[in-house]
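The sequence and the model come first, and the description follows.

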Number of protein chains: 2
Amino acid sequence: MNYTIRPAREADMADVLRLIHELAVFEKEPEAVEVTLEQLLADGFGESPKYSCLVGSHNGVIAGMALFYPRYSTWKGPVIHLEDLIVTESARGTGLGSALLTEVIRHAAGLGAKRVSWEVLDWNDPAIAFYEGRGAHVMREWNVVHLDKKGIAAYLKDYAGI
Amino acid sequence: MNYTIRPAREADMADVLRLIHELAVFEKEPEAVEVTLEQLLADGFGESPKYSCLVGSHNGVIAGMALFYPRYSTWKGPVIHLEDLIVTESARGTGLGSALLTEVIRHAAGLGAKRVSWEVLDWNDPAIAFYEGRGAHVMREWNVVHLDKKGIAAYLKDYAGI
């Protein structure tokens, strides 16, 4: 199947948000998506976009997306982080996910990034096999830590007198 | 002990790089630090800084740092990522690390960030206990994935014909 991969336009973001919701269901956290279409548009298409997004479409229908942005490694310097790579269920196994990843890595290389990073659930064996097959290292001893909005407020109340 | 915590100035960055090296030794990867003082200065103090940095000093001597930057969550919107929080060995246990973390979280709250994230080694029990005691969630099922510079080049050669 042939897909077109191109930078997302504002008109694509409703489809992108649909894919974000689909992934949240797959990751067993359907209630966790707080971002709105308005916020995605404001954050991605202003003067200082907070992210870059590619979409993959077939016959004009968007079936996948990749969203990424710069990070900064104190070891390597500027790097690229792939926040989400999502392919809608009906299009899995068609090569679209692979094509999106390739475009992200090509883009990162063009920017001179010393690394592309992302995160994976440790029970997502097909994804891990795919990434490792492509030369990525799953850093199993590194865990992600989150202090959420409620935690931020509680922290500041307890430790900063706010 | 009383520390002063303030935004890093250009003149502090040699000390910041010293702390980065010290952490790399602790994390058993002393050879991994490729970033130079020149790059830290260019990336952090230009018109579009790629990171923010706080330093903690006592009697004018820098004993700790915290380096952070914005990220973008497709579930929450703009968030803050704490890349490194380092306290020099002789100053551990003095409360400086805690004070630096508090300042980062205060800063993130001021920006309206919906989350502060960071990464921790799963064998670093004292750090994990500290973070969890402060209300953070260690997402043990989420692993970090890296495609390094060599991996980027190999990937593009194999899959993108570059």
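## Terms and basis

Two strands are said to pair if DSSP finds at least two bridges between them. Helices (H or I, at least four residues) and strands (E, at least two) are DSSP runs, numbered from the N terminus.

The model is a predicted one, in which local features need pLDDT of at least 70 and side-chain atom pairs count only at pLDDT 80 or more, while totals for chains, interfaces and linings use all residues. Residues are numbered from 1 along each chain as its sequence is written, and chains are lettered from A and ligands numbered from 1 in the order in which they are written.

## Chain A

Chain A holds five helices and six strands, and from the N terminus on its elements follow the order β-α-α-β-β-β-α-β-α-β-α. Its C-alpha trace spans about 60 × 35 × 35 Å along the principal axes.

Of the 162 residues in chain A, 33% are buried, a residue being buried if 20 or more other C-beta atoms, placed from the backbone, lie within 10 Å of its own. Among the contacts in chain A with a separation of 6 or more, 55% join residues 24 or more positions apart; two residues are in contact if their C-beta atoms, placed from the backbone, lie within 7 Å.

## Strands that pair across the chains

Strand β6 (residues 137-148) of chain A runs antiparallel to β6(B), to which seven bridges join it, and within this pairing A:V145 has B:V138 as its bridge partner.

β6(A) also pairs in the antiparallel sense with strand β5 (residues 115-121) of chain B, over seven bridges, where A:D148 stands opposite B:R115. Strand β5 (residues 115-121) of chain A in turn pairs with strand β6 (residues 137-148) of chain B, again antiparallel and over seven bridges, and here A:V120 stands opposite B:N143.

## The interface and its symmetry

In all, 62 residues of chain A are in contact with 62 residues of chain B. On the side of chain A that touches chain B, the largest share, twelve residues, comes from β6(A), and the residues of that side divide into 34 nonpolar, eleven polar and 17 charged. Here Ala, Val, Leu, Ile, Met, Phe, Trp, Tyr, Cys and Pro count as nonpolar, Asp, Glu, Lys and Arg as charged, and the others, Gly among them, as polar.

Chain A is superposed on chain B by a rotation of 180° with 0.0 Å of shift along its axis (RMSD 0.0 Å), which is the relation of a two-fold axis. The superposition is by least squares on the C-alpha atoms of residues with pLDDT of at least 70 in both copies. Of the residues of chain A, A:N143 comes closest to the rotation axis, at 2.8 Å (C-alpha). Because 100% of the interface residues of chain A are also interface residues in chain B, the copies meet through the same surface.

Key: A residue is buried if 20 or more other C-beta atoms lie within 10 Å of its own, exposed if 12 or fewer, and partly exposed in between; C-beta atoms are placed from the backbone.
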